[in-house]
Amino acid sequence: MKEVVPSPPPLVHNQYESVRELFSKNVVPSYGRFDLVLSHGAGSYLYDVAGKRYLDLGAGIAVCCLGHAHPAITEALVEQSRKLIHVSNLYFTEPQGRLAAELVKRLGPGKCFFANSGAEANEGLFKLARKFGHDEGRFEILTAANSFHGRTLAGIAATGQDKVKKGFEPMTPGFRHIPFNDLAAARNALSPATVAILIEGVQGEGGITPATPEYLLGLRQLCDEKKLLLFMDGVQCGHYRTGKFQSFQRILEDREGRRVADPNIQGQRHAVPPDFLPDGVSMAKSLGGGFPIGAFWVRAPYADLLGPGTHATTFGGTPLACAVALKVLEVIHRERLDENARKLGEWFKRELERLAVTFPQVVKRARGLGFMLGLELVEKEKIPKLATSDKTAAIQLVNRLHQHGVMTIPAGTQIVRLLPPLNLKPQEAGEGIARIEEAVKALA
Ligand SMILES: Cc1ncc(COP(=O)(O)O)c(C=O)c1O
């Protein structure tokens, strides 16, 4: 390893100005970036070009699930890139087949398609739905208010937030929004053209709102009754972030996986198939731990709908991306990081709830589950130190947290998201809370 992967170079000069200039001259300004130029990372920490250290509780928006510069990811990249990086999907390669099998094992009988991002994974589900309903003239997909499904043209049409659509009209037809967690509204919204419903198990960009168990089970029933496909967008809330592989498995954990006596084997018990399984699940973000890869899984009855020639992407499921994704799954399993996200997440949430009790003039409530958490602030106008700025309360607190050496991510106007690496250590969680408390206290 040593000869091919040297450690990051020592900081010889602060490149802040030169990097900012490169961006302002050459990079499309489509992102509202924070005023930080980052240099390198190690574990749960990031360093800027001036050498300042930050505890990264954002993990690149729920991507770097093993933290930064994890040796297992580096090793998988080096090993696989020495062997085979890319061949196209004109051929079979072992890592793609093995990764598909691992995902199927975690979800249920079905098959996988590999892409490069979350938006592209969702695009695949949209095409699957269109194919499914095509001969009956059904094409419409219902998605939830406040949802987020990506920035492609179909992605922004699917996303239930006006801000992503503005300026890009007319929208791609075939998407309508329904209130989240409202089963009656879903039923009432159906039209003869409806073919699928897509929701996030935990809305991320919309502000950390989990689906209720009743909503998930009710949607499944509704979809069965009306011959609709039920899709879950697991791009942000998936990959063990909530303590289970997919958030719907966590939300429904008390209701599924009952074990009963197997009549064929004495004393043996087997798992009853879960009552709930969606028809499609999109994945990306943590799937590659930082290396770009997206995927969708489709349930067995529909797994062959997209036949040869119907869907493709050049870089989908390269041996390199799949080798990394396999390694990420292996580390999560070996180190029981699902349990870590669940247990440390519970502790973290209790601490955020404590902040809401201690500083009610700043913090309204804690949101979420596992390592998908939100700190909801009171209205900006009620926090004198934030009231006069034209920036949202969430962005202002994220900026202040940078000064305190912590990275977090805003969602909506009032919510600061915490999406830490799944291998965050207890003392790092403690450090994070202490720093968040300092920043919140300064606003009280
Ligand atoms: C729930 C959800 N779906 C889809 C996407 C789009 O993923 P990507 O940015 O990889 O295209 C995101 C990104 O934040 C997301 O949170």
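Helices (H or I, at least four residues) and strands (E, at least two) are DSSP runs, and they are numbered from the N terminus. Keep that in mind for the labels below, such as β6 and α7. One more thing before we zoom in: the model is predicted.

**Figure 1. The whole chain, before the close-ups.** Here you see a chain with 14 helices and 19 strands. Its C-alpha atoms fill a box of roughly 60 × 55 × 55 Å along the principal axes. For 444 residues, a compact globule would have a radius of gyration near 22 Å, and the chain, at 22 Å, agrees with that. Buried residues make up 52% of the 444 residues. Look at the contacts with a separation of 6 or more, and you'll find that residues 24 or more positions apart account for 69% of them. The accessible surface comes to about 20,900 Å², and carbon and sulfur atoms own 55% of it.

**Figure 2. A look inside the largest cavity.** Rolling a probe the size of a water molecule over the atoms shows where empty space is left. The structure holds one cavity of 30 Å³ or more, and the volume of the largest cavity is about 40 Å³. Who sits around it? The lining includes A62, then G234, V235, Q236, G238, H239, R241 and Q246, plus M283, A284, K285 and S286.

**Figure 3. R106, a charged residue in helix α4.** Find helix α4, which covers residues 94-107, and pick out R106 within it. Is R106 buried or exposed? The relative accessible area of R106 is 18%, and buried means under 20%, so R106 counts as buried. Skip the neighbours within four places in sequence, and the contacts of R106 are Y240, F245, Q249 and L329.

**Figure 4. The loop between α3 and α4, with V87 and S88.** V87 belongs to the loop that links α3 (71-83) to α4, and S88 has its place in the loop between α3 and α4 too. V87 has a relative accessible area of 26%; that lies between the 20% and 50% cut-offs, so V87 is partly exposed. Which residues does V87 touch, leaving aside those within four places in sequence? They are T93 and P319. V87 and T318 are 231 residues apart along the chain, yet 7.2 Å is what separates their C-alpha atoms. As for S88, its phi is positive, about 85°, although S88 is not a glycine.

Figure 5. P170 itself sits in the loop that runs between α6 (153-158) and β6 (175-178).

Figure 6. Follow the chain on from β6 towards α7 (183-189), and N181 turns up in the loop between them. Phi of N181 is near 60°, a positive value in a residue that isn't glycine. N181 has 27% relative accessibility, so it counts as partly exposed.

**Figure 7. L217 on helix α8.** Helix α8 spans residues 213-226, and L217 is part of it. With 29% relative accessibility, L217 is counted as partly exposed. Once you set aside the neighbours within four places in sequence, L217 is in contact with L252, R255 and F276. Take R255 from that group: L217 and R255 are 38 residues apart along the chain, and their C-alpha atoms are 9.9 Å apart.

**Figure 8. Helix α13 and what follows.** Helix α13 is made of residues 393-403, and its buried residues are A393, A394, Q396, L397, V398, L401 and H402. Just after α13 comes G405, with a positive phi of about 80°. T408 lies in the loop between β17 (406-407) and β18 (409-411). Why does T408 count as buried? Its relative accessible area is 5%, and the cut-off for buried is under 20%, so T408 qualifies. Not counting residues up to four places away in sequence, T408 touches L57, V398, L401, V416, R417 and L418. Notice V398 and L401 among those contacts; they are also among the buried residues of α13.

Technical notes:
Residues numbered from 1 in each chain as written. Predicted model: local features only at pLDDT ≥ 70, side-chain atom pairs only at ≥ 80, totals over all residues. Heavy atoms only, no water. 1 Å grid on protein atoms, 1.4 Å probe; cavity = no way out; pocket = protein on both sides within 12 Å on 5 of 7 lines; lining within 4 Å. Points joined across faces, edges and corners; volume = space filled by probe spheres on them. Buried < 20%, exposed > 50% of the residue type's maximum accessible area, 1.4 Å probe, protein only. Contact = heavy atoms within 4.5 Å. Rg over C-alpha atoms; globule rule 2.2 N^0.38 Å. Areas by Shrake-Rupley, 256 points an atom, 1.4 Å probe, with all protein chains shown as cover.
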